[in-house]
Amino acid sequence: MEEGVIVNIAVLCSGSGTNLQAIIDSVKSGHIPANIALVVSDNKDAFALKRAQKAAIETLVLNRKDFKTREDFDKEIIKNLKKKNVELVVLAGFMRLISPYFIKEYRNRIVNIHPALLPAFKGTHGIKDALEYGAKVTGPTVHFVDEQLDNGPIILQKAIEIKDGDTESALLERVHKEEHKIYPEAIKLFVEGRLTIEGRRVVVK
Ligand code: GRF
């Protein structure tokens, strides 16, 4: 990214949007030098939409059922991202697989947060799976998105301890607390142009 230029980002959410809130707060405080140009949701009831509206951020709701294919759905999202000159797509609890078409259009410019230390515990139950497996550490991962699920190059991770007697909700709370720190941090690094992808490795300048 060019120095001093404000980058437009879009955040895609399906649910509560606590990560969106952390990103909104970091943009507001000036920590992330970016503009949240659009919040997109596939769920009209997502609380994330309320958070966006409260922060006077434009929102777009698209129902997957209104589109024949996943690619048609993604094309509509991309059309709207391009209208807003979005340069970084942030997936924050977006419960849909991104099509290869979307990846191609925004290659190395889509990031995601996963609630486990990738490549362990991929999929939609990263916290529960780590707990049930008996792992002693877990924690969130921010990564670039590629064609495979929870697979792209890792930007930041934060390990936290799983304690004896931990419950899913207690662990979720601690994982979320760290997500809310590392996601804004990773976005900041991206928009400041400090991330370079070298094979599977992301180098931070
Ligand atoms: C987070 O736990 C994230 O790791 C996962 O989805 C959850 C989103 O939570 N991808 P929220 O909507 O940001 O509160």
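Which strand does Thr141 lie in? Thr141 is in strand β7, and I'll come back to that part of the chain in a minute.

Okay, quick ground rules. What you're looking at is a predicted model, where local features need a pLDDT of at least 70 and side-chain atom pairs count only at pLDDT 80 or more, while totals for chains, interfaces and linings use all residues. Residues are numbered from 1 along each chain as its sequence is written, and side-chain values use heavy atoms, with hydrogens and water left out.

Let's start with the ligand. It sits in the largest pocket. A pocket here is worked out on a 1 Å grid over the protein atoms alone, as an open set of points where a 1.4 Å probe fits, with protein on both sides within 12 Å along at least five of seven lines. "Sits in" means more than half of the molecule's atoms lie within 2 Å of the pocket's grid points.

So who is around it? The shell consists of Ser16, Gly17, Thr18, Asn19, Gly93, Ile113, His114, Pro115, His176 and Glu179, where being near means having a heavy atom within 4 Å of the molecule. Three elements each supply at least two of the shell residues: α1 (18–28), β5 (110–114) and α6 (168–191). By class, that's two nonpolar, seven polar and one charged. For the sorting, Ala, Val, Leu, Ile, Met, Phe, Trp, Tyr, Cys and Pro are nonpolar, Asp, Glu, Lys and Arg are charged, and the others, Gly among them, are polar.

Now the distances. The side chain of Glu179 has an N or O atom 2.5 Å from a ligand oxygen. From the backbone, an N or O atom of Ile113 is 2.8 Å from a ligand nitrogen, and one of Pro115 is 3.4 Å from a ligand oxygen. On its own the ligand has 370 Å² of accessible area, and the protein covers 84% of that. Those areas come from the Shrake-Rupley method with a 1.4 Å probe.

As background, most residues other than glycine have a negative phi, and most peptide bonds are trans. Here, the bond from Leu118 to Pro119 is cis, with omega near 15°. Pro119 belongs to the loop between β5 and α5 (126–133). Phe121 is in that loop between β5 and α5 too, and it has a positive phi of about 55° without being a glycine. Then there's Asp150, also not a glycine, with a positive phi near 50°. Look for Asp150 in the loop between β7 (141–144) and β8 (154–157).

Is Asp150 buried or exposed? Asp150 counts as buried because its relative accessibility is 11%. The cut-offs are under 20% relative accessible area for buried, over 50% for exposed, and partly exposed in between, with a 1.4 Å probe and protein chains only.

Back to Thr141, as promised. Thr141 is at 0% relative accessibility, so it counts as buried.

Ser14 has a relative accessible area of 8%, which is why it's called buried. Its side chain makes a polar contact with the side chain of Asp42, at 2.7 Å. A polar contact is a pair of N or O atoms within 3.5 Å; within protein, one must be able to donate a hydrogen and the other to accept it, and residues adjacent in sequence count only if both atoms are side-chain atoms.

Last stop, a few spans across the model. Lys177 lies in helix α6, and with a relative accessible area of 56%, Lys177 is exposed. From Lys177 to Asn35 is 23 Å between C-alpha atoms, with 142 residues separating them along the chain. Arg109, in the loop between α4 (100–105) and β5, counts as partly exposed at 26%. Arg109 and Lys177 are 25 Å apart, C-alpha to C-alpha.

Notes:
On a 1 Å grid over the protein atoms alone, a cavity is a set of points where a 1.4 Å probe fits but cannot get out, and a pocket is an open set with protein on both sides within 12 Å along at least five of seven lines; lining residues have an atom within 4 Å of a point. Helices (H or I, at least four residues) and strands (E, at least two) are DSSP runs, numbered from the N terminus.
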